[in-house]
Amino acid sequence: MGAKTFRGFVPWIIFWVVSGPSTWEFAAGGALVAALILLIPSHEHGRIKLLEVVSVLFFGALTVAGLVLDHSRLLWLEQYAQAISSAVLAVVVLGSLAFTPFTEQYAREQVPQQFWSSPRFKHVNRMLTLVWGLVFAVCAVLGFLAQPENGGSAWLNWIIPIALLAGAFKFTAWYPEHVKAAAQAAGASTA
């Protein structure tokens, strides 16, 4: 997983950066446009991914809610938009462990098909998906704690979540190579 995975997160990053008091509707609309644009190449190649579908559905629903519902009925959404989006990602990513781990959809674009059913390939993607799901779950909790009535701060709302996401990207780059090197070392020691 690399740059292609990052592209899948672009709508969410747009939403997280732009959303705030009185801007979440614009953030949702911008994220929806980005999600639709990013869906085009996947659709053309017949490889639509879970993250892309969830992005379109989530940001589409938020955009419609922002257009149709009275603003006073959506104040809770304005306040908790980032936490809710992180929670949705956590549920979807952790839920994908019951079927096809969400990282596997990206890994299949970089790993030859002959390895897709190997225990190592499955293990790596289950671990990566678990890490991402836990990061999103922690970010959701931090988003709820970051609210002013909870004594929130920039540390909870921005700094720690950004550090966690950066760590997840680094882990995603490191872990498959670590598992591969360990397997090669184990194979060399038994030879």
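Which residues form one aromatic cluster? The cluster is made up of Phe9, Trp16, Phe102, Tyr106, Trp132, Phe136 and Phe169.

A word on the basis of these notes: this is a predicted model, in which local features need pLDDT of at least 70 and side-chain atom pairs count only at pLDDT 80 or more, while totals for chains, interfaces and linings use all residues. Residues are numbered from 1 along each chain as its sequence is written, and side-chain values use heavy atoms, with hydrogens and water left out.

1. Aromatic pairs. The structure holds 17 of them, a pair being rings of Phe, Tyr or Trp (its six-membered ring) with centres within 6.5 Å; planes under 30 degrees apart count as stacked, over 60 as edge-to-face and the rest as tilted. Trp12 and Phe58 are a stacked pair, with 5.2 Å between centres and 15° between planes. Because Trp12 belongs to helix α1 (residues 3–18) and Phe58 to helix α3 (residues 50–68), their pair ties together parts 46 residues apart in sequence. Helices here are DSSP runs (H or I, at least four residues), numbered from the N terminus. Both Trp12 and Phe58 are buried, that is, under 20% relative accessible area with a 1.4 Å probe, protein chains only.

2. A pair within one helix. Trp132 and Phe136 have ring centres 5.7 Å apart and planes at 35°, so this pair is tilted. Trp132 and Phe136 are four residues apart in helix α6 (residues 119–145), about one helical turn. Trp132 is buried at 1% relative accessibility, and Phe136 is buried with a relative accessible area of 1%.

3. A charge over a ring. The charged end of Lys49 sits over the ring of Tyr106, 5.4 Å from its centre; the cut-offs are NZ of Lys or CZ of Arg within 6 Å of the ring centre and within 35 degrees of the ring normal.

4. Helix α3. Its buried residues include Leu51, Val54, Phe58, Phe59 and Leu62.

5. The cavity. There is one cavity of 30 Å³ or more, meaning a set of points on a 1 Å grid over the protein atoms alone where a 1.4 Å probe fits but cannot get out; lining residues have an atom within 4 Å of a point. Arg7, Gly8, Pro11, Ala35, Leu38, Glu52 and Ser55 line the largest cavity. α1, α2 (24–44) and α3 each supply at least two residues of that lining, and α1 gives the most, with three.

Note on methods
Buried < 20%, exposed > 50% of the residue type's maximum accessible area, 1.4 Å probe, protein only. 1 Å grid on protein atoms, 1.4 Å probe; cavity = no way out; pocket = protein on both sides within 12 Å on 5 of 7 lines; lining within 4 Å. Points joined across faces, edges and corners; volume = space filled by probe spheres on them.
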